[in-house]
Amino acid sequence: MNDSPSVRYLAWKCLLRWSQGGIFAETLIARAAAEHKLAHADRSLLQAIVYDTLRHMSWLDHIRKTLRPGKLEEKMRWLVLMGLCQLFVLRQAEHAAVGETVRLAPQRVRGVVNGMLRNAARRKAEFDAEHETLPLAVRFSTPSWLVKRWLREFGESDTSAMLEWNSLTPPVYARLNPLNPPAEIPECWEPLPALPLWYRLHGPLPLEALRAGQLYVTDPSTRYCVKLLAPQPGERVLDACAAPGGKSAAMLAATGGDLHLLATDVEEFRLAPLRENLLRAGGRDVQVAQHDWTRPCPAEWCGAFDAVLLDVPCSNSGVLQRRVDARWRLSAGEITRLAALQLQILEQASAAVRPGGRLVYSTCSIDREEDRAVVDAFLATHKDFTFVEEYLALPHREQADGAYAALLCRAN
């Protein structure tokens, strides 16, 4: 007899715990998968149910309220949303989506849950047709304040396209390590057109190749900040917010490993895996150190680097497709708080750039308040730096994550 909980039960528990706040959906899924030793297929189903319920939460809640106006006990609400997700997003067969979900409901409310989900299944075509007529915030399950903000900044066409892109399940991309390439490229690694070394991965992650440092799982949008910084062989480079090391690894690849690299992070526990990742990536002169860049640059690092990459903490507004619960954590006040933090970090890290050197300020945000506005505020009080160029990657245009990068140079 198998006493292990079902995948749908685990998904329900993850959603309930997530709704209490304080923990990411990704962490909850990883814990559940590890604790119950889920096979790849079961973990994939768990992730799909949790992520897509959160990704389409407003729309699914709209359907729920249409089926049964009024309040529903919170535990039952999440169970119904999970069932609706299986019907309307994952497009699972009714007997699995409804039957297996209803079995989880306590006996006292099982009839209510069953009635709602069976009714939803009967009215599926109606709800699907209605979807295109709903307000953007409901149709694409994004907070209204954020939709209004994007409409002001990007206009209706780009905002609608971006919201639609964010509602899709993100692909898994990886960059091949030219310093340590695999002997063969499996058929399930799909090369990206016009992007040498980049692949879209299908199926389970190639753990052996990842451990060997033959490729690095990362999004194509991460290449823009490295391209702007343009590290050269033999240069001394600081990656100031480096963990887990993807951008540092890209810089090593771009210079054949001939880079005097210092990679820092605010959390000391990240340093050992960071160093390991960079050595696997082909680094020959790699140092790692703990430093909080809201504090002054250490004296021995001041003016010591040809180039500094500063990928600051941000709102993640450019990666809402991938970081599915980030949209529900965001607020306009949080963006303003982050912008002040980013400016503080930029001011401190800029001291590490030598005269004549360069700095790239980078985020995975597409919000101007965190991007060009921070750069402009910095330049207004640091006359020894000049703006050179910037790149804003909007996710629906890139068909990848959103990102921002700006290149600044320090006067000789």
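Author: Helix 6 and helix 7 cross in a right-handed manner (the near helix is turned clockwise from the far one by less than a right angle; helices are DSSP runs of H or I with at least four residues, strands runs of E with at least two, numbered from the N terminus). The model is predicted, so local features need pLDDT of at least 70 and side-chain atom pairs pLDDT 80 or more, whereas totals for chains, interfaces and linings use all residues. Residues are numbered from 1 along each chain as its sequence is written, and side-chain values use heavy atoms, without hydrogens and water.

The axes of helix 6 (residues 94-102) and helix 7 (residues 107-122) come within 9 Å and cross at roughly 165 degrees (lines fitted to C-alpha atoms over the stretch in contact, with angles from 0 to 180 degrees between N-to-C directions). Helix 6 is therefore roughly antiparallel to helix 7 (an angle over 145 degrees). Helix 6 contributes Glu-94, Val-98, Gly-99, Thr-101 and Val-102 to the contact, and helix 7 contributes Arg-110, Val-113, Asn-114, Leu-117, Arg-118 and Ala-121 (heavy atoms within 4.5 Å).

Buried residues account for 51% of its 412 residues (under 20% relative accessible area, 1.4 Å probe, protein chains only). Of the contacts in the protein chain between residues at least 6 apart in sequence, 70% join residues at least 24 apart. The C-alpha trace spans about 75 × 50 × 40 Å along its principal axes.

Definitions and conventions:
Parallel < 35°, antiparallel > 145°, perpendicular 65-115°, else oblique. Buried < 20%, exposed > 50% of the residue type's maximum accessible area, 1.4 Å probe, protein only.
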